[in-house]
Amino acid sequence: MRQYVSASPLLGTLLLLAGCQHTAAVPDREPVGSPSTASSAAPAADDNLHAVTWMQTSAEYRANSMQTYRAALAQLDAALADPQWDALVPADRVVPATGLKPAVVVDIDETVLDNSPYQVRLIRSGLAYDDATWAQWVAEQSARPVPGAVEFAQAADTRGITVIYLSNRTLDQRTASLANLRAVGFPVADESVYLGKGMPVEGCQQASGSEKHCRRQWVSRHYRVLMQFGDQLGDFVQPRPNTPQKRAELLEQYGQWFGERWWMLANPSYGDWQPALFENDWSLPPAAQRAAKQRALDARD
């Protein structure tokens with residue numbers, strides 16, 4: 001799921017000034033994607049650096065993704081054979097699932113497509129997520145698959161299970177997104193399997209365009225959902241309000257579905273878990289967001 005990322009070069013700049021009083025300040029912003037102009041200086045502090053480095057370089061990240069999709073595949077035939085099996089919560093299931101075509105519902109970003117190169121560009125430039133640079137990245141159609149995702153999707157397709165791409169990419173990004181998915185091997189039945197942000201759903205109102213509740217209701221009218229895949233809790237059930245307490249309650253309520261009907265991919269880079277810690281107020285400066293994260297930590301002291 002694509003959400004906002006906060007990049008914050010201020011702290012690194014202050015540290016450089018404190019430690020090198022007689023050295024000229026290093027510019028903290030560059031064009032997106034360009035290499036650092038001061039490779040010998042310490043890089044600006046960025047909360048996202050550790051997460052993105054782990055996602056791009058570690059064997060652990062790849063192993064985590066592969067085992068998730070392999071474990072799901074091991075249960076797929078049982079889910080398909082059970083006519084009562086359904087991976088939608090009651091609030092999203094508006095018509096009975098019995099007799100409907102089988103489907104699996106997947107989020108796109110950091111669930112089946114890896115957008116970490118876009119995150120790298122933000123880190124190198126010292127910029128934060130914005131719609132324009134994100135749209136440029138989507139248009140490039142160069143995202144690679146998350147490890148294990150293509151193999152699972154192809155296995156589902158050979159079993160006659162439709163793969164539904166329920167994404168917070170926008171409707172006008174459908175063509176580029178489906179082209180990217182097809183290019184790396186994902187099955188795409190037709191354009192109807194792309195359910196982007198802004199898609200109208202008759203009879204359903206939602207609080208914000210990024211919520212997926214209404215689009216899951218649309219899916220429920222057409223498919224029996226065997227499994228859902230995502231990297232955010234909101235890919236499975238909508239936290240309202242988006243607070244740590246509500247998110248914990250939903251995990252307690254539906255926790256037994258994970259590893260059976262629901263499959264969570266690791267994404268430490270961004271997500272709704274972050275703004276939940278600072279009352280969903282993205283207008284706060286990076287230092288205030290970081291302070292909220294610090295307050296949320298538990299050192300048991």
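Modeller: Let us begin with charge pairs. A search of the whole structure finds 13 salt bridges, a salt bridge being a side-chain nitrogen of Lys or Arg within 4 Å of a carboxyl oxygen of Asp or Glu. This is a predicted model, in which local features need pLDDT of at least 70 and side-chain atom pairs count only at pLDDT 80 or more, while totals for chains, interfaces and linings use all residues. Residues are numbered from 1 along each chain as its sequence is written, and side-chain values use heavy atoms, with hydrogens and water left out.

Colleague: Which residue meets Asp92 in a salt bridge?

Modeller: Side chains of opposite charge can pair when their charged atoms come close. Here the side chain of Asp92 meets that of Arg216, at 2.7 Å from N to O. The pair links distant parts of the chain, 124 residues apart: Asp92 lies in the loop between α3 and β1, and Arg216 in helix α8. Helices (H or I, at least four residues) and strands (E, at least two) are DSSP runs, numbered from the N terminus.

Colleague: Are Asp92 and Arg216 buried or exposed?

Modeller: Buried means under 20% relative accessible area, exposed over 50%, and partly exposed in between (1.4 Å probe, protein chains only). Both Asp92 and Arg216 are buried. By contrast, Arg300 and Asp298 are both exposed; they form a salt bridge whose closest N and O atoms are 2.5 Å apart. Arg261 and Glu260 also meet in a salt bridge, with 2.5 Å from N to O. Arg261 has a relative accessibility of 15% and therefore counts as buried, whereas Glu260, at 27%, counts as partly exposed.

Colleague: Which residues are linked in a network of salt bridges?

Modeller: Asp47, Arg290 and Lys293 are linked in this way.

Colleague: How many disulfides does the rule give?

Modeller: A disulfide is a pair of cysteine sulfur atoms within 2.5 Å. The count by this rule is 1: Cys204 is joined to Cys214, with 2.0 Å from S to S. Cys204 is in the loop between β5 (194–197) and α8 (213–222), and Cys214 is in helix α8, 10 residues apart.

Colleague: Why is the disulfide called left-handed?

Modeller: The torsion about the S-S bond of Cys204 and Cys214 is about -80°, so the disulfide is left-handed. Cys204 is buried because its relative accessibility is 12%, and Cys214 is likewise buried, at 3%.

Colleague: Which buried residues does helix α6 have?

Modeller: In α6 (residues 149–158) they are Ala149, Val150, Phe152, Ala153, Ala155 and Ala156. These residues pack against α3 (59–81), β1 (101–106), β3 (144–145), β4 (162–170) and β6 (223–230), where contact means heavy atoms within 4.5 Å. Just after α6, Gly160 takes a positive phi of about 80°.
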